[in-house]
Protein chains: 2
Amino acid sequence: MFDNKEKTNLSELGEFGLIKHLTSHIELKNESSVKGIGDDAAVLDFKEYKTLISTDLLLENVHFDLRYVPLKHLGYKAVQVNLSDIYAMNGIASQVTISIGMSSKFPLEAIEELYQGALIACEKFNVDLIGGDTSTSSQGLVISVTSIGYAKEAEIAYRSGAKEGDLICVSGDLGAAYVGLQLLEREKQIFLENPNIQPDLEGKDYIVERQLKPEARRDVIELFRFLNVKPNAMMDISDGLASDLFHICDASKLGCKLFEEKIPIDPMTYETAREFGLDPTVCALSGGEDYELLFTVPQSEYDKVKNQLDISIIGYMTAESEGKQLISKSGNVHELKAQGWNAFS
Amino acid sequence: MFDNKEKTNLSELGEFGLIKHLTSHIELKNESSVKGIGDDAAVLDFKEYKTLISTDLLLENVHFDLRYVPLKHLGYKAVQVNLSDIYAMNGIASQVTISIGMSSKFPLEAIEELYQGALIACEKFNVDLIGGDTSTSSQGLVISVTSIGYAKEAEIAYRSGAKEGDLICVSGDLGAAYVGLQLLEREKQIFLENPNIQPDLEGKDYIVERQLKPEARRDVIELFRFLNVKPNAMMDISDGLASDLFHICDASKLGCKLFEEKIPIDPMTYETAREFGLDPTVCALSGGEDYELLFTVPQSEYDKVKNQLDISIIGYMTAESEGKQLISKSGNVHELKAQGWNAFS
């Protein structure tokens with residue numbers, strides 16, 4: 001995914017040299033970042049705020065395929081999906097640490113690309129990179145990201161906070177990242193069979209971007225502050241709408257009623273799913289990797305959210321005894337099934 | 001490293017099942033741990049304290065060899081070496097996150113062992129496990145640990161805080177972990193050549209333990225509080241005394257004078273190094289992985305530290321222009337060389 005000119009060998013630099021090279025130009029922007037990279041630990045100060053911590057491990061050939069993911073996108077995505085967890089608590093992300101394990105045969109320029117992508121994501125969300133670790137990997141590329149953020153106690157939205165009757169809402173649209181992945185996988189197969197055929201992704205930019213370059217919804221958190229809305233429960237959609245809604249139901253000891261016709265699906269996602277013989281609704285329910293926010297608000301907030309273009313009201317929370325229901329477009333009642341991604345299957 | 005009876009397949013449990021299985025019995029003990037595992041992010045509250053964050057990535061065949069490291073020891077060590085970074089800031093560790101990537105062929109019992117070791121380390125230091133990530137790895141075992149701790153502003157010991165004339169001190173003894181590794185490597189080679197020969201580590205318990213089961217020096221931090229001593233600069237010895245002292249010199253813009261005869265080396269380390277034809281002083285200077293604390297204190301604190309059995313005064317900080325000197329046992333002046341571990345060589 002990178003050309004071969006101007007290669008610098010990592011072993012020439014050494015670990016300290018590499019860290020210095022990658023991080024010496026980083027400036028801390030958050031008041032809470034007292035000390036970043038360069039000591040045994042970073043020092044942060046959150047004063048009257050609670051600290052939020054989230055971490056993700058990304059492994060080559062499990063979470064990403066270097067044959068079609070450019071390294072810069074990978075660094076960007078690794079940070080975005082982790083920040084997304086902080087926003088999903090209704091908090092503001094302020095710091096990240098990034099650890100990278102890679103083959104010593106990787107040229108410096110490749111790591112720079114990865115780091116550059118990570119730093120673009122940090123910059124976009126005003127997040128400071130404050131630490132990490134670099135190491136050779138005798139196997140594939142390994143990326144570990146930890147995000148740190150903050151929120152006032154009353155602002156924090158736990159999964160367990162949903163109340164019966166709450167409106168179930170979702171930001172953006174769903175299923176695109178999954179359909180984008182199908183498209184990339186198909187083009188990879190064609191390429192593997194005949195390397196002279198260039199990938200044909202024309203007109204599919206949106207769904208390919210949703211897979212390669214997801215955007216954490218900090219803007220939705222800011223919208224909540226602007227509208228003076230506090231979600232009772234929230235999480236980000238990483239495993240798929242159904243699986244993630246199950247987590248809210250289980251943690252809140254409630255059931256739910258979801259309306260198929262209300263689930264936001266982009267027309268390009270819809271069409272491309274059909275081309276692949278996939279049910280667009282299933283893609284939205286079980287596809288995952290959308291990194292949209294799934295949240296519940298009291299019905300009294302209906303007027304505040306109903307006209308927000310980027311928020312869809314897709315159902316409501318019910319008593320646990322009513323189960324988890326999906327009402328199809330034709331009005332039939334189905335049991336909602338969680339078919340999220342199983343990392344071990 | 002684990003027997004084959006009672007295997008449970010990870011794919012039967014799935015990711016959520018595995019996390020639940022491993023973490024459901026965890027009780028939070030620190031007041032600062034508001035919410036641990038089970039939401040998008042953990043929630044912490046440090047009130048008037050600064051937050052300290054440190055992270056390490058450990059990769060199979062780079063940082064550990066499963067052929068001679070039992071999984072329980074590995075989990076224990078992974079946590080210990082990371083907590084060590086928090087103590088090295090003169091802080092108290094309070095939380096960790098642990099992410100693990102492993103082959104789906106690993107039985108549940110193997111992960112339980114790893115986790116058990118990590119939890120024993122947490123328990124020993126009164127640290128809460130508050131999050132993490134689990135994933136299949138198509139390559140080797142991957143462990144990522146992030147530690148969180150706290151300290152008052154005035155307590156924090158940065159690398160950059162050393163002053164000219166400061167006494168250079170070190171806790172415990174040095175070189176044992178490196179010599180222990182040589183021993184384990186030798187026995188591995190013998191075993192690979194003839195699997196019927198059992199490893200001969202008799203009488204070498206101490207140095208083998210120093211390699212397999214290092215102990216972070218929380219007790220030294222407590223001793224500082226007890227003695228009312230605040231180190232001007234501090235770090236933990238992970239790369240070797242010389243390399244780590246270089247970091248303090250460079251960050252503090254100072255030189256140093258180190259006395260070979262003052263460097264604490266255990267008799268077993270000394271003897272075993274000699275058996276391997278190694279210079280014990282070089283093992284102490286460049287071996288690494290001791291996880292002892294290297295710190296400087298003002299000369300006015302001499303009376304407080306001189307009689308502490310577990311602390312050795314090994315030199316003092318000089319002006320930068322005097323360079324970094326090692327005074328040998330015979331009184332010769334050598335230039336101190338940093339030959340720490342290069343992760344990319």
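## Contacts of E289(A)

In this predicted model, E289(A) touches K77(A), A177(A), R210(A), Q211(A), I237(A) and S238(A), leaving aside residues up to four places away in sequence; contact means heavy atoms within 4.5 Å. The side chains of E289(A) and K77(A) are joined by a polar contact of 3.0 Å. A polar contact is a pair of N or O atoms within 3.5 Å, where within protein one must be able to donate a hydrogen and the other to accept it, and residues adjacent in sequence count only if both atoms are side-chain atoms.

E289(A) sits in the loop between helix 9 (280-286) and strand 10 (293-297) of chain A. Helices (H or I, at least four residues) and strands (E, at least two) are DSSP runs, numbered from the N terminus. With 22% relative accessibility, E289(A) counts as partly exposed; buried means under 20% relative accessible area, exposed over 50%, and partly exposed in between (1.4 Å probe, protein chains only).

## Basis and confidence

Residues are numbered from 1 along each chain as its sequence is written, and chains are lettered from A and ligands numbered from 1 in the order in which they are written. Local features of the predicted model need pLDDT of at least 70, side-chain atom pairs count only at pLDDT 80 or more, totals for chains, interfaces and linings use all residues, and side-chain values use heavy atoms, with hydrogens and water left out.

The pLDDT is the predictor's confidence in each residue, from 0 to 100. Chain A averages a pLDDT of 90, and 95% of the residues score at least 70. Residues 341-345 of chain A have a pLDDT below 50; beyond near neighbours in sequence, this stretch has 20 contacts in the model.

## Annotated binding-site residues

UniProt's "binding site" annotation (unreviewed entry) covers H63(A), E289(A) and W341(A). UniProt positions are given in the numbering used here, feature names are shortened, and annotations may be inferred rather than shown by experiment. H63(A) lies in the loop between strand 3 and helix 2 of chain A and is partly exposed at 26% relative accessibility. UniProt also lists D239(A) for "binding site" (unreviewed entry). D239(A) is in the loop between strand 8 (233-236) and helix 7 (241-252) of chain A, and its relative accessible area of 11% makes it buried.

S54(A), in strand 3 (residues 50-59) of chain A, is buried at 5% relative accessibility. D85(A), in helix 2 (residues 71-87) of chain A, is buried at 10%. A polar contact of 3.1 Å joins their side chains. Outside four places in sequence, S54(A) has contacts that include D40(B) and A41(B); among the contacts of D85(A) are D236(A), D40(B) and A41(B).

## Interface of chains A and B

The contact takes 70 residues from chain B and 70 residues from chain A. About 5400 Å² is buried between the two chains, 56% of it on carbon and sulfur atoms; buried area is the accessible area (1.4 Å probe) that two parts lose on being put together, summed over both.

Between chain B and chain A there are 6 salt bridges, a salt bridge being a side-chain nitrogen of Lys or Arg within 4 Å of a carboxyl oxygen of Asp or Glu. D45(B) forms a salt bridge with K50(A), with the closest N and O atoms 2.6 Å apart. Strand 3 (residues 50-59) of chain B gives the most to the side of chain B that touches chain A, with 9 residues.

## Salt bridges within chain B

Over all chains the count comes to 48 salt bridges. K124(B) and E215(B) meet in one of 2.5 Å, N to O. K124(B) lies in helix 3 (residues 108-124) of chain B and E215(B) in the loop between helix 5 (205-212) and helix 6 (218-227) of chain B, so the pair ties together parts 91 residues apart in sequence.

R217(B) forms a salt bridge with E292(B), the closest N and O atoms being 2.8 Å apart. R217(B) and E292(B) are 75 residues apart, and both are buried. D250(B) and K324(B) meet in a salt bridge of 3.1 Å, N to O. Salt bridges that share partners also join E31(A), D45(A), K47(A), K50(B) and E153(B) into one network.
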